[in-house]
Amino acid sequence: MAATQAVEEMRSRVVLGEFGVRNVHTTDFPGNYSGYDDAWDQERFEKNFRVDVVHMDENSLEFDMVGIDASIANAFRRILLAEVPTMAVEKVLVYNNTSIVQDEILAHRLGLIPIHADPRLFEYRNQGDEEGTEIDTLQFRLQVRCTRNPHAAKDSSDPNELYMNHKVYTRHMTWIPLGNQADLFPEGTIRPVHDDILIAQLRPGQEIDLLMHCVKGIGKDHAKFSPVATASYRLLPDITLLEPVEGEAAEELSRCFSPGVVEVQEVQGKKVARVANPRLDTFSREIFRNEKLKKAVRLARVRDHYIYGVSLCCSGWSAVARSRLTATSTSWLQVILLPQPPE
């Protein structure tokens with residue numbers, strides 16, 4: 001029985017010890033353990049695999065992907081970074097730039113501004129096309145001139161009071177519809193994701209006047225097309241109390257973990273420690289500094305349960321994520337990972 005439990009632990013848990021980590025190698029391949037059939041089986045995979053959306057809004061996304069190998073988990077992370085399309089500034093036509101920011105640096109900064117637009121509604125621009133059309137291009141105009149504030153106090157030294165339009169923000173970008181885009185997209189839907197991104201600073205007499213063309217692209221071609229600021233995953237923490245912890249030791253145990261992981265309950269007049277939410281733990285392993293309690297707890301991670309944390313920088317992509325994450329889990333993974341058939 002002990003041998004069977006040890007094998008199950010090696011197959012399903014990565015154990016964190018005081019001086020090292022055990023069971024980090026992959027074990028789920030045929031013939032590794034006697035009596036276990038670890039050959040790939042699609043029916044078994046579809047039964048065990050699932051996607052659970054934990055939190056989703058316009059700026060962040062957290063979901064669990066259960067029943068996959070680390071290689072698939074990492075492949076999905078790389079797909080989020082490099083192969084999900086977005087819209088970004090590709091071409092900048094500079095009519096006038098008398099600021100201290102050079103034209104090429106200014107164009108680079110503009111390219112990194114996230115654009116609020118659903119990329120599914122646009123086509124990829126063909127190479128060699130000089131002029132964009134309404135089906136593959138979004139056009140923005142940026143025209144700002146800095147002047148002195150005639151109503152500023154004479155003894156003032158605050159630039160915000162002395163000058164007008166001395167800070168150029170994304171709110172100064174104006175969308176110029178091409179073709180029938182004004183009919184297709186309601187007012188306010190095509191815009192920078194954030195209106196308070198600082199582009200440049202000006203002084204009286206300086207001016208920026210330019211035209212931007214936004215096209216559809218993927219992060220594999222240029223990082224400015226990446227729809228996420230960060231995309232990471234971690235294994236689900238698994239914390240087990242090997243013996244009852246009561247009294248002051250329960251309070252001490254709770255302080256060894258992140259807030260909310262271990263809670264202290266009153267049971268028949270005694271304080272008793274209980275693992276409440278291991279998901280919140282960061283595994284600082286502070287418990288191993290406590291000589292009295294370190295043998296009362298086992299720290300591990302579930303080998304096939306991945307927690308993804310995604311910070312979105314392009315809210316247009318959140319609509320794509322929402323539509324795909326609400327689909328059935330297995331078919332959704334196939335939509336993401338497998339090549340799309342031709343229409």
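Two residues are in contact when heavy atoms of each lie within 4.5 Å. The model on screen is a predicted one.

**The whole chain**

Start with everything shown as a cartoon. The chain has nine helices and 18 strands. It holds 343 residues, and 41% of them count as buried. Of the contacts between residues at least 6 apart in sequence, 74% join residues at least 24 apart. Switch to a surface view: the chain exposes about 19400 Å², and carbon and sulfur atoms supply 50% of that area.

**Stop 1: Arg301**

Select residues 297–312, which form strand β18, and find Arg301 in that strand. Is Arg301 buried or exposed? Arg301 is buried, yet it has no salt bridge. A salt bridge needs a side-chain nitrogen of Lys or Arg within 4 Å of a carboxyl oxygen of Asp or Glu.

Now show the backbone of Leu235. The side chain of Arg301 reaches the backbone oxygen of Leu235 at 2.7 Å.

To see the surroundings, select the residues in contact with Arg301, leaving aside its neighbours within four places in sequence.

- Ser12, Arg13, Val14 and Leu16
- Arg234, Leu235, Leu236, Pro237 and Asp238
- Thr282 and Phe283

**Stop 2: Phe63 and Phe76**

Turn to the aromatic rings. How many aromatic pairs does a search of the whole structure find? The search finds eight. Select Phe63 and Phe76: their ring centres are 5.9 Å apart and their planes stand at 90°, so the pair is edge-to-face. Phe63 belongs to strand β4 (residues 60–66) and Phe76 to helix α3 (residues 70–82). The two are 13 residues apart, and the pair links distant parts of the chain. Both Phe63 and Phe76 are buried.

**Stop 3: Tyr233 and Tyr306**

Select Tyr233 and Tyr306, another edge-to-face pair, with 5.5 Å from centre to centre and 80° between the planes. Tyr233 sits in strand β15 (residues 228–241), while Tyr306 is in strand β18, the strand that also holds Arg301. This pair too links distant parts of the chain, its members being 73 residues apart. Tyr233 has 29% relative accessibility and so counts as partly exposed. Tyr306, at 5%, counts as buried.

**Last selection**

Key:
Residues are numbered from 1 along each chain as its sequence is written. This is a predicted model: local features need pLDDT of at least 70, side-chain atom pairs count only at pLDDT 80 or more; totals for chains, interfaces and linings use all residues. Side-chain values use heavy atoms; hydrogens and water are left out. Helices (H or I, at least four residues) and strands (E, at least two) are DSSP runs, numbered from the N terminus. Buried means under 20% relative accessible area, exposed over 50%, partly exposed in between (1.4 Å probe, protein chains only). Accessible areas come from the Shrake-Rupley method with a 1.4 Å probe; for residues, only the protein chains shown count as cover. Lys and Arg count as positive and Asp and Glu as negative; His and the chain ends are not counted. A polar contact is a pair of N or O atoms within 3.5 Å; within protein, one must be able to donate a hydrogen and the other to accept it, and residues adjacent in sequence count only if both atoms are side-chain atoms. Rings of Phe, Tyr and Trp (its six-membered ring) pair if their centres lie within 6.5 Å; planes under 30 degrees apart count as stacked, over 60 as edge-to-face and the rest as tilted.
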